[in-house]
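Subject: Handing over the model

Hi there,

Here is the structure I promised to pass on to you. Please open it alongside this email and follow along as you read.

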Amino acid sequence: MASPGALEPATSSVPGTKVELTVSCRNLLDMDTFSKSDPVVVLFVQGSGSSEWKEFGRTEVIDNTLNPDFVRKFVLDYYFEEKQNLRFDVYNVDSKTCSILKQDFLGQAFVALGEVIGSQRGRLERALTGVPGKRCGTILLLAEELSNCRDIVTMQLCANKLDKKDFFGKSDPFLVFYRSNEDGTFTICHKTEVVKNTLNPVWQPFTIPVRALCNGDYDRTVKIDVYDWDRDGSHDFIGEFATSYRELSRAQSQFTVYEVGQWARAEDRNGGPRTPHAGDYLPLYLQVLNPRKKCKKKKYVNSGTVTLLSFSVESEFTFVDYIRGGTQLNFTVAIDFTASNGMPSQPTSLHYASPYQLSAYALALKAVGEIIQDYDSDKLFPAYGFGAKVPPDGKISHQFPLNNNVDNPSCAGIEGVLESYLQSLRTVQLYGPTNFAPVINQVAGTAAQVTDGSQYHVLLIITDGVISDMLQTKEAIVTASALPMSIIIVGVGPAEFEAMEELDGDDVRVSSRGRYAERDIVQFVPFRDYVDDSGNQVLSMARLAKDVLAEIPEQLLSYMKTRDIKPRRADPQ
């Protein structure tokens, strides 16, 4: 699951400090017969005053290693006045299409965030436990407070004449970036892709936040290691070099060559200093040195050079930047009216509402709608039903307006949607099948009309069961992923929702007929996970709303970024 954001809101009115956790493991259990384990770490958090564990996020999977250093970080809000409990579960991933619970369990560790921050140099090592009779290894956690720097860097590098490491070929080089810490150690912050069988690789451009590269300290050392990739995980070290954000950012305005820890003026072919001309593109050449070779060989020069081909910086915009700039969230509701919900007049029905209790459908609608309506200026919400026979001719419809107005299906506020929903229950016949594609395509058609970033659409689908048009729905989602649109699915009732998990697309991107979704735009949650045994309906629905809406900001940002849409300037008051 994609990272759902910060921990439960603190009781304090002071915003939490952003803390980045870097995770490594050592001496993990080896669960693979012909290779080493392929580990991933899953972080779970406990809300304030709660004993329930919620998944917060996952690292990437690293193949074939018992000593992984994960690049993907966890960014948490830290509150001094709260005990923030964390649980790290480590798994060996055999199949990326299976649920994480079906993977090999390698161990777990329980810590409080304050323990990590309060440990010496913000570094904590904890034994992994949970596999009887086995030593599971250890997990290493490094905490660092993040700066407020919101710049992001895009850069591209290539290399020339790297050392040959493979007996039957050349090398398969990749780069690993490390930022230096205050105690002189280094933390991994980026890893490039592997370029196969070449001594002159050109890596793809990549983007990294400045705070990940140097935490806003432009003079902090950035160390880059060059490796030759090996299938068994024992990658061969080619060499290393060091630089800084400031030196990298100057690369296109001055011609420089440097060795580790030392900068020198470039020379022209005649041996004299080369003077850059205004408007020249002057790349930065970085010599790759292997300290062991340098000590052993008197005539050793270097193990190749790395060239910075491009370097650009731009501000990282936030969800709030777009909302302040006038982006409107347009909320649409689609409710399941299939017969599997049960007769609405019967207490066993998922649509049944007693004088004292709203139905599960109504509760989910209110929980999500009452938050999202704050970002919609006109408070008019199109609302549809699907899977029912509708009057006057009794034809099955999968996108009938709840207010019975085909020309204008919008309802006034969430209360208007609820009123129309209850009225429809009295006039339509619950039937089937459960088809999602028509209503997804309906909203996608509206979203396609305005794609300049001023409008963003959120479709809430509330359903009880197994989807009938899976292939068509996948096709609709793939198409919608290129539009300013997100889809929230809330599953009510006791059914198993494997198909909904597949549509969620957190582990495997949704695809249809060879096309993959451009973005992950679907978030699914089962309603039953939010039924509070204590009967505290308000808290339960608040948790539901928090979890189903958690991915909307990142999904909106991903659309804006892929279309290079910047937020408009807010009008002065």
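Below is what was found, grouped by topic.

A word on the basis comes before the details. This is a predicted model, in which local features need pLDDT of at least 70 and side-chain atom pairs count only at pLDDT 80 or more, while totals for chains, interfaces and linings use all residues. Residues are numbered from 1 along each chain as its sequence is written, and side-chain values use heavy atoms, with hydrogens and water left out.

**Aromatic rings**

Rings of Phe, Tyr and Trp (its six-membered ring) are paired if their centres lie within 6.5 Å; planes under 30 degrees apart count as stacked, over 60 as edge-to-face and the rest as tilted. By that rule there are 15 aromatic pairs. One of them joins Tyr227 and Phe237: the ring centres are 5.7 Å apart and the planes stand at 70°, so this pair is edge-to-face. It links distant parts of the chain, with Tyr227 in strand β13 (residues 221-228) and Phe237 in strand β14 (residues 236-244), 10 residues apart. For the element names, helices (H or I, at least four residues) and strands (E, at least two) are DSSP runs, numbered from the N terminus.

Phe237 is partly exposed, with a relative accessible area of 27%. On that scale, buried means under 20% relative accessible area, exposed over 50%, and partly exposed in between (1.4 Å probe, protein chains only). Ring pairs also tie Phe174, Tyr227 and Phe237 into a cluster.

Phe337 and Tyr421 make another edge-to-face pair, 6.1 Å centre to centre with 70° between the planes. This pair links parts of the chain 84 residues apart: Phe337 is in the loop between β19 (328-336) and α6 (360-372), and Tyr421 is in helix α7 (residues 413-427). Both Phe337 and Tyr421 are buried.

**Helix packing**

Two packed helices are described by the angle between their axes and the distance between the axes. Axes are lines fitted to C-alpha atoms, for helices over the stretch in contact, and angles run from 0 to 180 degrees between N-to-C directions. Angles under 35 degrees count as roughly parallel, over 145 as roughly antiparallel, 65 to 115 as roughly perpendicular and the rest as oblique.

Helix α8 (residues 437-447) packs against helix α9 (residues 470-480) at about 15°, with the axes 9 Å apart. The two are therefore roughly parallel to each other. Where they meet, Ala437, Ile440, Asn441 and Ala444 of α8 are in contact (heavy atoms within 4.5 Å) with Gln472, Thr473, Ala476, Ile477 and Ala480 of α9.

How is α9 placed in the rest of the structure? Eight of its 11 residues are buried, so α9 is largely enclosed. Among the buried ones are Met470, Lys474, Glu475 and Val478. The buried residues of α9 pack against α8, β27 (485-491), α10 (498-504), β28 (511-512), β29 (515-516) and β30 (522-526).

α6 and α7 pack at about 160°, with their axes 10 Å apart, and are therefore roughly antiparallel.

**Backbone details**

Most residues other than glycine have a negative phi, and most peptide bonds are trans. The peptide bond from Pro391 to Pro392 is cis, with omega near 5°, and Pro392 is in the loop between β21 (388-390) and β22 (395-397). The bond from Gly432 to Pro433 is cis as well, with omega near 0°; Pro433 is in the loop between β25 (429-430) and α8.

Asn197 has a positive phi of about 55° and is partly exposed, with a relative accessible area of 46%. Asn215 also has a positive phi of about 55°, but Asn215 is buried, at 11%.
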